[in-house]
Amino acid sequence: MTEYDVAVVGGGIVGCSAARELAADHEVVVLERDAIASGASGKASGVVTFSAQRSTLPEFVEYSLSFLREWEGTAHHEFHRRNTVELTPPEKEREAKGRVEAAREAGFPLRFLDAAEVDARYPGVFELSGYVGGIEYRDTGFVDPYTATTSYLEDAETRGADVRTGVEVEDVKRSGNSVDGVETSDGPITAGTVVCAAGWRTRELLAGVVDVPVRPIRYQAVDLRPDRSLGDAYPMGIDPVGEYYWRPQGDGTLHVGGGDTLVGTPGEVRHGVTEEFRLDVATDVPGILRGFERAEVESEDTCPTGDAATPDSIPIVDCPLEGLVVATGFHGYGIMASPSAGRAVRSLVTGEPAPFALEDLSLDRFEETGDRFELLSLTEKRAKYG
Ligand SMILES: Cc1cc2nc3c(=O)[nH]c(=O)nc-3n(C[C@H](O)[C@H](O)[C@H](O)COP(=O)(O)OP(=O)(O)OC[C@H]3O[C@@H](n4cnc5c(N)ncnc54)[C@H](O)[C@@H]3O)c2cc1C
């Protein structure tokens, strides 16, 4: 078939979620240059917390969190519920308490716990000498990102979507001021709407059509084997000092991620983490978590493919031209944001209202921004964007 209502470019979690949203009442094809989840989606840590976005995008966040919890048991998707504790050093206490208040006003069950309360709720977990306490997130958890991606796709296929892997989209076809299909390595495809969910490659794919200010961003992660068993209720965590996050894994290791940097062309980045990141984790983690004094790095991974960063770390889901929807810039949280991303794409394709503000995700908020923007730290982002 070469004619569809919707052609989705990219078989990552965002493209697959969008295809699932649209397949029941549209002829949909997913076009993936490589294999499904071969980009950032297959490399992610799968943490679902939305720590920084709750007060700025409350409905967007709530939609995704509810979906991921309620979708449990559908296809192969599993949502592993675990609380998250975001540790608070003394210099961030005021800011952390302000964020808890804003998030609580937006309806999220967050609490600020002082150090004694953290220790009482999570005995033996944290080494709290450098912290005044922490924010406790109680509606969080983790998923296996590959399985979540393929579960969306399985739903989409059950609803009638076609999936074509190993097919590269080389260009979008324009007719006057609108887009009406794509040129692929397998020939042309006509589509009423083209959804570009091609991760960091979206920018180069749409060069000359529309400027999409995303840059490839790299994350690093290692799996640490602790000195003791972590147990079934071991919390996930965030350390804003070293900008690490972590979550327990089924094999008894702790997955510790962080070390994000903007990169040139992903793929040129070697596999494995940098020596600096490995040393930082080895030095810092025993100062944050108990039982890691003699921890061994069991495996190390990074993302040679990269995720897509935006200047304000908020994704872009917009319809800049008739027949073209752009969904990219998930900046380290596309797994947790995937339900909202898919729902936003559906709204843009069908005109149905979304249960959150689409303006927050619009492309024209970056009219003044080029493609050489700097990566802001979490603190800088909060100061600049609230
Ligand atoms: C190490 C790491 C850890 C992470 N941890 C988390 C986490 O804990 N929680 C979380 O929520 N997020 C996390 N993320 C972020 C998350 O992985 C991404 O935000 C998300 O996967 C983005 O999904 P996507 O579909 O936009 O992009 P991708 O998964 O990159 O998918 C884009 C797809 O488009 C395809 N494509 C590109 N160009 C073309 C073309 N021209 N034609 C056809 N196909 C094309 C690519 O091959 C790719 O498969 C992490 C990311 C990394 C790298």
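How many nonpolar, polar and charged residues does the shell around the ligand have? By class, this shell holds 18 nonpolar, 14 polar and 7 charged residues, where Ala, Val, Leu, Ile, Met, Phe, Trp, Tyr, Cys and Pro count as nonpolar, Asp, Glu, Lys and Arg as charged, and the others, Gly among them, as polar. The model is predicted: local features need pLDDT of at least 70 and side-chain atom pairs count only at pLDDT 80 or more, while totals for chains, interfaces and linings use all residues. Residues are numbered from 1 along each chain as its sequence is written.

The protein chain has 9 helices and 20 strands (DSSP runs numbered from the N terminus, with H or I over at least four residues for helices and E over at least two for strands). Its C-alpha trace spans about 65 × 40 × 40 Å along the principal axes. Of the 386 residues, 50% count as buried, meaning that 20 or more other C-beta atoms, placed from the backbone, lie within 10 Å of a residue's own.

Back at the ligand, Gly-10, Gly-12, Gly-39, Gly-199 and Gly-334 come nearest among the 39 residues around it (C-beta atom, placed from the backbone, within 6 Å). At least two shell residues come from each of α1 (13-23), β2 (28-32), β13 (215-225) and α8 (334-350). The ligand lies between domain 1 (3-44 + 145-214 + 311-385) and domain 3 (215-309), because both give residues to the shell; the domain bounds come from an automatic or database domain assignment.

Notes:
Buried ≥ 20, exposed ≤ 12 C-beta atoms within 10 Å, placed from the backbone.
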